[in-house]
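Here is a short briefing on one protein chain. Look at the sequence and the 3D view, then work through the points below.

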Amino acid sequence: MRRLLAASGRCAPATRTHHGLFARAIQILAPPDPVSLHKLSAPDCGIVELRLERPEVKNSINWEAMRLLRGVVEKVEADDTVKVVLVTSSVPGVFCAGADLKERKLMSSSGVREYANSLRSTFSSFEALSIPTIAVIEGAALGGGLELALSCDLRICGENATLGLPETGLAIIPGAGGTQRLPRIVGRSRAKEMIFTGRRCNATEAVMMGLANYCVPAGEAHEKALELAREIAQKGPLGIRMAKKAIDQGMQAADMPSALAVEGECYEQLLHTEDRLEGLAAFAERRKPVYSGK
């Protein structure tokens, strides 16, 4: 199995003392964080995994998970060595079941409002990351779980995936970006059908409507996502960042001239970089470029 390093990039030294063994036993018994960040080791340096792990509630998002997710976003944005983020689940058969409804049941109306606003803001911060993000979906991605996936740049589904926004069945609406991101991805009419009916779609349907990029055999979504991440990580990191910025900001522009102006500004920022010169030199010398991100 591929070795994963903690987000710090360091492994704790082994110890044989009784105190060390006791501490290790406590560490093993302690439940994992519901959201954690892991850097992949060589040869996949530059790729990180954001893992969801709340098996007892199918990775549903409570206040703690939301706080940790926001912390992960801040860590990733501050780390220039990160090139691609994979959003994965450590729980078999589920990506994320959405908001933690048991926790929400205990909230006041003002508490629910604060939670929804915070989750919407958290997903917007994730969407605004300057590097590519890939959702790895095996099993259910429902409600807030699908909204998290919608905030990613790409979505890879195992054939066992089920996607949906069932909120209208609870007499509410998708409140963490679903009503806005879904129509921008699949079109207004399809989005309205999914949200009005609360109907779920399978992975094949998701690909057909443009909701997912790939449908692969169950259990192979991670490998496909990793394949894409490796491809992306080999490209010029500054070029990738500017491409994402040009697409995202250009799509929000009022008209085509304004969108093309965004593209021009992003291109301008790459003209005087070392990576641009390295790309040209590598092409002329028929070798693989070695990009520095400068």
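## Surface and loops

Leu170 lies in the loop between β9 and α6. Helices (H or I, at least four residues) and strands (E, at least two) are DSSP runs, numbered from the N terminus. This is a predicted model, where local features need pLDDT of at least 70, side-chain atom pairs count only at pLDDT 80 or more, and totals for chains, interfaces and linings use all residues. Residues are numbered from 1 along each chain as its sequence is written, and side-chain values use heavy atoms, with hydrogens and water left out.

- Is Leu170 buried or exposed? Leu170 counts as exposed, because its relative accessibility is 51%.
- The cut-offs are these: buried means under 20% relative accessible area, exposed means over 50%, and partly exposed is in between (1.4 Å probe, protein chains only).

**Backbone exceptions**

- Most residues other than glycine have a negative phi, and most peptide bonds are trans.
- Ala171 has a positive phi, near 65°, and is not a glycine.
- Ala171 sits in the loop between β9 (162–164) and α6 (178–186).
- Ala171 is exposed, because its relative accessible area is 71%.
- Arg286 also is not a glycine, and its phi is positive at about 55°.
- Arg286 belongs to the segment after α12 (274–284).
- Arg286 counts as exposed, at 82% relative accessibility.
- Which two residues does a cis peptide bond join? They are Ala42 and Pro43, with omega about 10°.
- Pro43 is in the loop between β2 (35–40) and β3 (47–52).

## Helix packing

- Two packed helices are described by the angle between their axes and the distance between the axes.
- Axes are lines fitted to C-alpha atoms, for helices over the stretch in contact; angles run from 0 to 180 degrees between N-to-C directions.
- Helix α2 (residues 63–78) packs with helix α4 (residues 109–127) at an angle of about 25°, and their axes are 10 Å apart.
- So α2 is roughly parallel to α4.
- Angles under 35 degrees count as roughly parallel, over 145 as roughly antiparallel, 65 to 115 as roughly perpendicular, and the rest as oblique.
- α2 and α4 make a left-handed crossing.
- A crossing is left-handed if the near helix is turned anticlockwise from the far one by less than a right angle, and right-handed if clockwise.
- Helix α10 (residues 237–251) and helix α11 (residues 256–268) cross at roughly 165°, and their axes come within 9 Å.
- Therefore α10 is roughly antiparallel to α11.
- The α10 and α11 crossing is right-handed.

- Val136 is part of strand β6 (residues 133–137).
- Val136 is buried, because its relative accessible area is 5%.
- Val136 and His222 are 86 residues apart along the chain, yet 5.8 Å separates their C-alpha atoms.

## Salt bridges

- How many salt bridges does the structure hold? There are 12.
- A salt bridge is a side-chain nitrogen of Lys or Arg within 4 Å of a carboxyl oxygen of Asp or Glu.
- Arg230 and Asp44 form one of them, at 2.8 Å from N to O.
- This pair links distant parts of the chain, 186 residues apart: Arg230 is in helix α9 (residues 221–233), and Asp44 is in the loop between β2 and β3.
- Arg230 is partly exposed at 27% relative accessibility, whereas Asp44 is buried at 3%.
- Lys224 and Glu227 form another salt bridge, at 3.3 Å from N to O.
- Lys224 and Glu227 are about one helical turn apart, because 3 residues separate them in helix α9.
- Lys224 counts as buried at 17% relative accessibility, while Glu227 is partly exposed with a relative accessible area of 40%.
- Glu285 and Arg287 form a salt bridge, with their closest N and O atoms 2.6 Å apart.
- Arg287 is partly exposed, at 32% relative accessibility.
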